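Okay, thanks for making time, everyone. Let me put the structure up, and then I'll talk through a few spots in it.

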2 protein chains.
Amino acid sequence: MHWVDGVRAESLPLPDRGLNFGDGLFETLLFTQQGLVYQDLHLSRLQAGITALGMPDCLDYVRQQLALVSSHLCEEQYTHCAVRATVTRGGGPRGYAPVSGCSARIIISASVMDSHYPVEQAPAALGVAKTPWSYQPQLVGIKHLNRLDQVLAARERLDAGVDEMIMLDDRSSVVSTISGNLFLVEKGALVTPRLDRCGINGTRRRLILDRWCKKIGVEAREAQVSVEQLENASELFYCNALTGVRPVGRLGSKEWTQFPICKALHQAYCGENQ
Amino acid sequence: MHWVDGVRAESLPLPDRGLNFGDGLFETLLFTQQGLVYQDLHLSRLQAGITALGMPDCLDYVRQQLALVSSHLCEEQYTHCAVRATVTRGGGPRGYAPVSGCSARIIISASVMDSHYPVEQAPAALGVAKTPWSYQPQLVGIKHLNRLDQVLAARERLDAGVDEMIMLDDRSSVVSTISGNLFLVEKGALVTPRLDRCGINGTRRRLILDRWCKKIGVEAREAQVSVEQLENASELFYCNALTGVRPVGRLGSKEWTQFPICKALHQAYCGENQ
């Protein structure tokens, strides 16, 4: 199901700068019977992207469109959907330069999910991608539409036959998995890669750092992280809006079978969304 | 005017991985009364991109679609158009991983041009963009759809009120302008930035290096280039498929008024397309 600027649609008007240049942003939200989960955190990151790209102010418009889609999903009694909101700089003449006074275009897509966060996720097998994050200092943390790094890493994942891949930056520091933020447990404390060069500032990462770590009584910090540190961690997991937290059972030849902190975070997450 | 998979269209079917992730490539060709200019060079770069992204083999399909659009433009007696061919990995399920056996989707857009290569271009005023090229070793030279670097630099250009901007790589070496390849004249020889970390391998850059420099009896080489070298050059110009070669009249406080080599290349270019 797709909506373009609030109207059910099966296609996108041409031209669109989102298609032509990846000139836009997106958010993938979890929809449950409670509605869109942590929508404000998603909108806050979206606003950071709107500012970084100098896009027209459109947050109220996005909020309005999401409310419309959310009502529709409620009425139709959907219970678990992935809702992707894509915001592009719309149409305009040929060339890279945006036109002043252009309007944002909002494309919302909803798809039913098979496996979702209240279900405890099976431990994942991970590899390390050869494709690095590309470094663009102006776009650190932003969830924009230029995602070839992730597409290339996802192709490696398929070839490797694993569930997810670790992605590194241009200096071989750990950044994330392909579609989630990564945490390790080191001496009983949570550590997640600092996102100062690359990476997406994930909503669940934010919640773990700011809220859930306190709920479970574990310290959490951001730091530069090496692959060696991951291999020596007592526990490893990744998180995103759709899967919640997922433990890592294997990374290369290293294996883990116990995930007490990941499980506790999963409970903390579920406890907030009864 | 747009064509999607060979059919005149005003919209793109959703979902499309080109929109969702910038998962695709494009070429911008010049159409004249002689047809699509240097089409084979464009298709050769496109093929390099198809290989780099692991996209389905679709070059014959693109060639066929371009022939269709070119015939249409001839029949309708258009004389100078910009023809953009966008190739995406099509639709598919949610997530970064491409589906094996997916089909490419071809979107071709044609727009009438005001100013085009047979017209000698007025000297351009340039600035230096703060936005660098992002570094992705797997995509060097490729004309893919992840073009936020250029969009951000084009916003700087509008703010600076100049015609074009020099773009640097992450190590402050010169790569290109926003939408063209750059050449300088140093001790009577042509020098262009080596594209080993960033940049797009331009069709006119290729022609200058391989063919036109010989026609005008000037040596040409690729090298690492600094901004200081540009300022000390005896001549500076940039090139792309739509504008041909355009001399640089000003870069910051430095000015040039004579462009003998750029003019000679322009003549060499025109001589090939009578």
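**Salt bridges and one tyrosine**

Let's start with Asp163(A), which is partly exposed because its relative accessibility is 34%; for the cut-offs, buried is under 20% relative accessible area, exposed is over 50%, and partly exposed is in between, with a 1.4 Å probe and protein chains only. Before I go on, the housekeeping: this is a predicted model, where local features need pLDDT of at least 70, side-chain atom pairs count only at pLDDT 80 or more, and totals for chains, interfaces and linings use all residues. Residues are numbered from 1 along each chain as its sequence is written, chains are lettered from A and ligands numbered from 1 in the order in which they are written, and side-chain values use heavy atoms, leaving out hydrogens and water.

So what does Asp163(A) pair with in a salt bridge? That's Arg246(A), at 3.8 Å, N to O. The rule here is a side-chain nitrogen of Lys or Arg within 4 Å of a carboxyl oxygen of Asp or Glu. This pair ties together distant parts of the chain, 83 residues apart: Arg246(A) sits in strand β15 (residues 244-251) of chain A, and Asp163(A) is in the loop between α4 and β9 (164-168) of chain A. Helices (H or I, at least four residues) and strands (E, at least two) are DSSP runs, by the way, numbered from the N terminus. Arg246(A) counts as buried, because its relative accessibility is 16%.

Next pair: Arg205(A) and Glu222(A), with their closest N and O atoms 2.8 Å apart. Here helix α5 (residues 203-215) of chain A supplies Arg205(A), and strand β13 (residues 220-223) of chain A supplies Glu222(A), 17 residues apart. Arg205(A) is buried, at 1% relative accessibility, while Glu222(A) is partly exposed at 35%.

Over in chain B, Asp210(B) and Arg206(B) form a salt bridge at 3.1 Å between the closest N and O atoms. Both are in helix α5 (residues 203-215) of chain B, four residues apart, about one turn of the helix. Asp210(B) is partly exposed at 41%, and so is Arg206(B) at 26%. Over all chains, the count comes to 24 salt bridges.

Last stop, Tyr135(A): is this one buried or exposed? Buried, because its relative accessibility is 18%. Tyr135(A) lies in the loop between β8 (124-128) and α4 (148-160) of chain A. Skipping residues up to four places away in sequence, Tyr135(A) touches Asp170(A), Arg197(A) and Cys198(A), plus Trp133(B), Ser134(B) and Tyr135(B); contact means heavy atoms within 4.5 Å.
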